[in-house]
Structure formats: structure tokens, C-alpha cells
Amino acid sequence: LAIDLYEVDNGTYPPKLDDLIKSTSGAQNWRGPYIKKGLPKDPWGNPYVYKMPGSHNTTGYDLYSIGPDKQEV
């Protein structure tokens with residue numbers, strides 16, 4: 001939801017997840033923080049992988065967990 005709110009305000013998805021907490025990319029209409037308690041971790045305590053533009057969703061972004069084995073497939 002935070003990624004989508006950023007997109008509504010700025011017309012594009014954030015270049016990196018850190019932009020949801022602090023405007024680091026100079027977005028003109030940044031109205032965050034979009035996440036107030038820091039970026040969440042996956043169930044195994046690892047950061048989520050975010051790619052924009054996405055490899056699987058080329059018109060948006062990919063957001064996924066690398067899982068317990070920490071291996072990207």
C-alpha cells in the first residue's frame with residue numbers, strides 16, 4: 001500500500017524502498033513518510049527485494065522475499 005500511495009503522489013513508483021521513509025530521490029510531491037516504523041522484514045528477518053522497473057512486472061515493480069535459504073531464483 002505504501003508503494004502505491006507514493007505512486008499516487010509522485011506519478012511513479014519509488015526508485016528504492018528507502019524513499020518510502022525519507023525523500024532521497026528528490027520526488028516533487030513527496031508526502032511521506034509512507035512507512036513510519038522503518039521498512040518491514042520478511043518472515044525470516046531479511047529485507048524484501050524491490051526492483052523498479054520489475055523483471056516480472058515490467059510496467060510496475062517486483063517486491064518479493066528471498067525466503068529462508070536467502071537464494072534468489
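1. Let us start at a proline: P33 lies in the loop between helix 1 and strand 1. Helices here are DSSP runs of H or I with at least four residues, strands are runs of E with at least two, and both are numbered from the N terminus. A word on the model before going on: it is predicted, so local features need pLDDT of at least 70 and side-chain atom pairs count only at pLDDT 80 or more, while totals for chains, interfaces and linings use all residues. Residues are numbered from 1 along each chain as its sequence is written, and side-chain values use heavy atoms, with hydrogens and water left out.

2. G32 and P33 are joined by a cis peptide bond, with omega about 10°. G32 is in the loop between helix 1 and strand 1 too, and is partly exposed because its relative accessibility is 23%; the cut-offs are under 20% for buried, over 50% for exposed and in between for partly exposed, with a 1.4 Å probe and protein chains only. From G32 to P68 the C-alpha distance is 31 Å, across 36 residues of sequence.

3. P53 belongs to the loop between strand 1 and strand 2. For background, most peptide bonds are trans, and most residues other than glycine have a negative phi. K70 has a positive phi, near 60°. This lysine sits in the segment after strand 2 and is exposed, with a relative accessible area of 51%.

4. Next, the aromatic rings: there are four pairs in the structure. Rings of Phe, Tyr and Trp (its six-membered ring) pair if their centres lie within 6.5 Å; planes under 30 degrees apart are stacked, over 60 edge-to-face, and the rest tilted. One of the pairs is Y6 with Y34, edge-to-face at 5.6 Å between centres and 65° between planes. Y6 is in helix 1 (residues 2-10) and Y34 in the loop between helix 1 and strand 1 (49-51), so this pair ties together parts 28 residues apart in sequence. Both tyrosines, Y6 and Y34, are buried. Another pair, Y50 and Y61, is tilted, at 5.7 Å and 40°. Y50 lies in strand 1 and Y61 in the loop between strand 1 and strand 2, 11 residues apart.

5. Which residues form one aromatic cluster? They are Y6, W30 and Y34. N10, in helix 1, has its side chain 3.2 Å from the backbone nitrogen of W30. That is a polar contact (N or O atoms within 3.5 Å; within protein, one able to donate a hydrogen and the other to accept it, and residues adjacent in sequence counting only if both atoms are side-chain atoms). N10 is buried, at 18% relative accessible area.

6. Finally, Y64 is found in strand 2 (residues 62-64) and is partly exposed, at 24% relative accessible area. Beyond its neighbours within four places in sequence, Y64 is in contact with Y48, V49, K51 and E72, where contact means heavy atoms within 4.5 Å. Among these, K51 makes a side-chain polar contact of 3.3 Å with Y64. P40 is 24 residues away from Y64 along the chain, and their C-alpha atoms are 12 Å apart.
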